[in-house]
Amino acid sequence: MSKDYFIIPIFVPHLGCPHDCVFCNQRRITGLSTNVSKELVQKTILEYIATFPKGNIKVEVAFYGGSFTGIKKEIQEELLSVPFKFKEEGRIDGIRLSTRPDYIDEEILGLLKKYKVDTIELGVQSMDDEVLYKSGRGHNSQQVYLASKLIKEYEFNLGLQMMIGLVGDNRDKSIYTAKEFIKLEPYCVRIYPTLVIKDTYLEKLYKNRFYRPLSLEEAVHITTDILILFEYYNIDVIRVGLQPTDNIRLGGDVLAGPFHPSFRQLVESNINKIILDKFISLSNIQLTDKTMIIETKGKNISNIVGQKSSNTKYLIDRYGLKNIKIYPKNIPEHFIDISIDDISYRIDRRKAIEDYLKSKAII
Ligand code: SF4
């Protein structure tokens, strides 16, 4: 039985970062403005552990935000010494942190090994040098290749984070970034649509009409292609879209951009819509006034139905169906069974996404 997985997030806001990426106001992103101390790390870990169930669980401490390996070496050691001790005592299972590609070298990796860090996530954002430059990232794609290679040589898990809709970005450049990530064989990936956050340079660009954020619809479409691509190559996408917080919401610190509290679900639903639509349109089944039965693994159902039943409504309207009924069925996750008039069909999601990627010339 697989273990339940719990993360203890510790935000390290802007401590180590002299950069000003156009989209970032690190203090606002994390909702924190104070510096993190060893005592706070200890307190946070203990507080979280007290809330976790006992038994078969996996716990990981994650230093998010900022650029961890850009912090002074002594502070890095101080902060890492806390989860290190918990790990040595068997009270947590893993340590992860995020940083910039240009803050990785052999000395840094040696230090992270000493404190038993498992996963290093690089905030890459794009593999297109023009996009990186226009976004004020202060590093180029070459540094991403070098840092990723070194991280793997030192046998850390490599995580890569990308953004879509950056300044100078477009769908093709985002697909290119995803494809370059795939070549680097990451352990996990995160995808974030660019949002216009208060008190950032992007806010100025936006207000002066030098930057147009993606619409929610555009962001869903681009992320759909990227998520399908990562799924095809079996790459674990651990986050899609920023986590909503008190500040991260439209009307809060998000001034504009494709923010949605369930962004990933919108994308996953869109993928299911594409798969079902494609299957039905190619199968030449007579559907008018028929009831379609869909059976699939229980966990797939909400994404097949879509938010506010958007997918089922779409299919009913498009094909003149009388109704769609969806039931859970104990079959492998990548199958969707469809029955109409007692005739059954099986969709293999793996084949469907391969066909989709080929039809759009993505692979
Ligand atoms: S490097 Fe990271 S923390 Fe620093 S400004 Fe850029 S996005 Fe923000």
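Is Asp118 buried, exposed or partly exposed, and how many other C-beta atoms lie within 10 Å? Asp118 is partly exposed, because 17 other C-beta atoms lie within 10 Å; the classes are buried for 20 or more such atoms, exposed for 12 or fewer, and partly exposed in between, with C-beta atoms placed from the backbone. The structure is a predicted model, in which local features need pLDDT of at least 70 and side-chain atom pairs count only at pLDDT 80 or more, whereas totals for chains, interfaces and linings use all residues. Residues are numbered from 1 along each chain as its sequence is written.

The overall picture comes first. The protein chain holds 13 helices and 13 strands, where helices (H or I, at least four residues) and strands (E, at least two) are DSSP runs numbered from the N terminus. Along the principal axes, the C-alpha atoms of the protein chain fill a box of roughly 70 × 55 × 40 Å. Of the 363 residues, 40% count as buried.

Two domains make up the division of the protein chain, namely domain 1 (4–261) and domain 2 (269–359), with bounds that come from an automatic or database domain assignment. Their C-alpha centres lie 35 Å apart. Across the boundary, seven residues of domain 1 are in contact with six residues of domain 2. On the domain 1 side, these residues divide into five nonpolar, one polar and one charged. Here Ala, Val, Leu, Ile, Met, Phe, Trp, Tyr, Cys and Pro count as nonpolar, Asp, Glu, Lys and Arg as charged, and the others, Gly among them, as polar.

Next come the sheets. Strands of a sheet pair through backbone hydrogen bonds, either parallel or antiparallel. An open sheet of seven strands has parallel pairing and the order S1-S2-S3-S4-S5-S6-S8, two strands being counted as paired if DSSP finds at least two bridges between them. At its edges are strand S1 (4–11) and strand S8 (236–240), each of which pairs on one side only. From one strand to the next, the twist averages 25 degrees.

Strand S5 (residues 157–164) is joined by six bridges to strand S6 (residues 188–193), with Leu160 bridged to Val189 and Met162 standing opposite Ile191. Six bridges also join S4 to S5, and Ile120 has Leu158 as its bridge partner. Because six of the eight residues of S5 are buried, this strand is largely enclosed by the rest of the structure. Helix H6 (residues 141–153) touches strand S4 (119–125) and S5, and its direction makes about 170 degrees with that of S4. Helix H9 (residues 216–232) touches S5, S6 and S8, at about 175 degrees to the direction of S6. Axes are lines fitted to C-alpha atoms, for helices over the stretch in contact, and angles run from 0 to 180 degrees between N-to-C directions.

Another open sheet has four strands in the order S11-S10-S12-S13, with mixed pairing. Strand S11 (323–328) and strand S13 (343–348) stand at the edges with a single partner strand each, so one side of each is left without a neighbour in the sheet. Neighbouring strands of this sheet are turned by 20 degrees against each other on average, direction ignored. Strand S10 (residues 291–296) pairs with S11 in the parallel sense over six bridges, and Glu295 stands opposite Tyr327 in S11.

A few loop residues complete the account. Asp118, the residue of the opening question, sits in the loop between helix H4 (106–114) and S4. Leaving aside neighbours within four places in sequence, Asp118 is in contact with Gly94, Ile95, Arg96, Phe156 and Asn157. Asp118 and Leu158 are 40 residues apart in sequence, with 9.0 Å between their C-alpha atoms. The loop between H4 and S4 also holds Lys116, a residue other than glycine whose phi is positive, near 60 degrees. Lys116 counts as partly exposed, with 13 C-beta neighbours inside 10 Å. Ser309 has a positive phi of about 55 degrees although it is not a glycine, and its place is in the loop between helix H11 (301–305) and helix H12 (310–319). With 11 other C-beta atoms within 10 Å, Ser309 is exposed.

Definitions and conventions:
Contact = placed C-beta atoms within 7 Å.
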